[in-house]
Amino acid sequence: MSTVSLKVEFSGGLELLFNNQRQIKLDLPAQADASEGRPADVRYLIHWLKDNRLKERPELFVENGTVRPGILVLINDTDWELEGEEEYVLENGDDIVFISTLHGG
Amino acid sequence: MPPKLCQLCNETRAVLKRPKTGQHICRECFYYVFETEIHNTIMEAKLFSPGDRVAIGASGGKDSTVLAYVMKVLNERYNYGLDLHLLSIDEGIRGYRDDSLETVKRNQQQYDMPLKILSYEELYGWSMDRIVEQVGRKNNCTFCGVFRRQALDRGAANIGVDHILTGHNADDIAETVLMNIMRGDIARLGRCTLITTQGEDTIKRSKPFKYVYEKEIVMYAYFKKLDYFSTECIYSPDAYRGHARTFLKDLEASRPSAIIDIIHSGEAFEVRQEVKAKAKAQTTCKRCGYMSSNELCKACSLLEGLERGMGGLAVVRGRCRGLESGRR
């Protein structure tokens, strides 16, 4: 089965939910759903991270099927709001950054 | 999806959707509008005069780190003529504040600004760790908030500064407007949207980020690779503010202008004269001399409670007084 290689980064305090890891490299199945042939998108990545890498308090990362409001997402250093948000189809070598804005300043 | 061009310069690829306007903008245009809007806020409110000595309340977190950086940029670009200082408060929370103060110390080097750190321990004789040991985790945020407010004033007096800038952003202010409405706190509702506040005898405080969205502050820090600290305080955060915050973030997700709209609503409230009249007259605290609306200021009445709980720790009284000589 083909895979996509990604670099995923967490900051702004989110790394604390991921075992204090600020950066991880992943090989994700290129098909989010083998039977339907749906390609792996950011929505799939969020669920995959929650199910496989998140260590605590999932409600601080995911809400209503996407990231919790107040978490910024960048796809290759671009605001995900310009890239289709959850619908963005992941490509080999993509760099996805999750930043929490919910921690004190 | 083809890359989208910046809607301001029409030349470079857009990297950010502005929450305030919905515009798609590139990195350079983002820096320009972000910094220029703060400059405009400063000019419209006439925040400074040349030669002012100004302290930036620095926690090591995203807002105050970006504030220190941007103030340095603007001070040089527009010749404000300000003498900028960093002022940090050490609440005495091991594993939280000691780490964030390391960030502030790096900022001191990076931004070449003098840094003053004042601790609750030296000001009040109590660190937050010891206060929590005594009062538990229920009202600890009240102690911390009251003590921090005074501590910043005292720190400013100590370094001869009469104006403190804080990193409060548009999201924080909208949150506070909502909280004051929900609590029926009319006096604070009237004050919380002001860009500058000043008590009778206290130091001036201003919020240059009053109209700046948190999203843009975080994006600015990310693109500029600014060094900031982000960990939740180890003591339970203010639960009420947490609800207001979640509510606001949900509103923002469905309509990004909600934040600025709530601030505008707050600004537009006019408090009736008879309601205003009920606010207590200001006097000074008989114990420490800080401005107060009661015989004892809030910090001193909290301290008296703590001391009683400890069987009389009168030494703090002396320390509290001693510091007054350093004030204006």
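A salt bridge is taken here as a side-chain nitrogen of Lys or Arg within 4 Å of a carboxyl oxygen of Asp or Glu. By this rule the structure, which is a predicted model, holds 38 salt bridges over all chains.

Across the interface of chain B and chain A, 4 salt bridges are found, together with 8 residue pairs in polar contact, both residues being at pLDDT 80 or more. Of the side of chain B that touches chain A, 10 residues are nonpolar, 7 polar and 12 charged. The contact draws on 29 residues from chain B and 25 residues from chain A, and the two chains bury about 2,200 Å² between them, with 53% of this area on carbon and sulfur atoms. In chain B the most area is lost to chain A by K215(B), Y222(B) and S230(B), which together account for 23% of what that side buries. K215(B) also forms a salt bridge with E81(A), in which the closest N and O atoms lie 2.7 Å apart.

Within chain B, the salt bridge between E76(B) and K72(B) has an N to O distance of 3.1 Å; the two residues are 4 apart in helix α2 and thus separated by about one helical turn. E76(B) is exposed, at a relative accessible area of 52%, whereas K72(B) is partly exposed, at 23%. In the salt bridge of E91(B) with R97(B), the closest N and O atoms are 2.5 Å apart; E91(B) is buried at 1% relative accessibility, and R97(B) is buried at 7%. R205(B) and D153(B), which are both buried, form a further salt bridge at 3.3 Å, linking strand β8 to helix α6 across 52 residues.

Terms used
Residues are numbered from 1 along each chain as its sequence is written. Chains are lettered from A and ligands numbered from 1 in the order in which they are written. This is a predicted model: local features need pLDDT of at least 70, side-chain atom pairs count only at pLDDT 80 or more; totals for chains, interfaces and linings use all residues. Side-chain values use heavy atoms; hydrogens and water are left out. Contact means heavy atoms within 4.5 Å. Buried area is the accessible area (1.4 Å probe) that two parts lose on being put together, summed over both. A polar contact is a pair of N or O atoms within 3.5 Å; within protein, one must be able to donate a hydrogen and the other to accept it, and residues adjacent in sequence count only if both atoms are side-chain atoms. Ala, Val, Leu, Ile, Met, Phe, Trp, Tyr, Cys and Pro count as nonpolar, Asp, Glu, Lys and Arg as charged, and the others, Gly among them, as polar. Buried means under 20% relative accessible area, exposed over 50%, partly exposed in between (1.4 Å probe, protein chains only).
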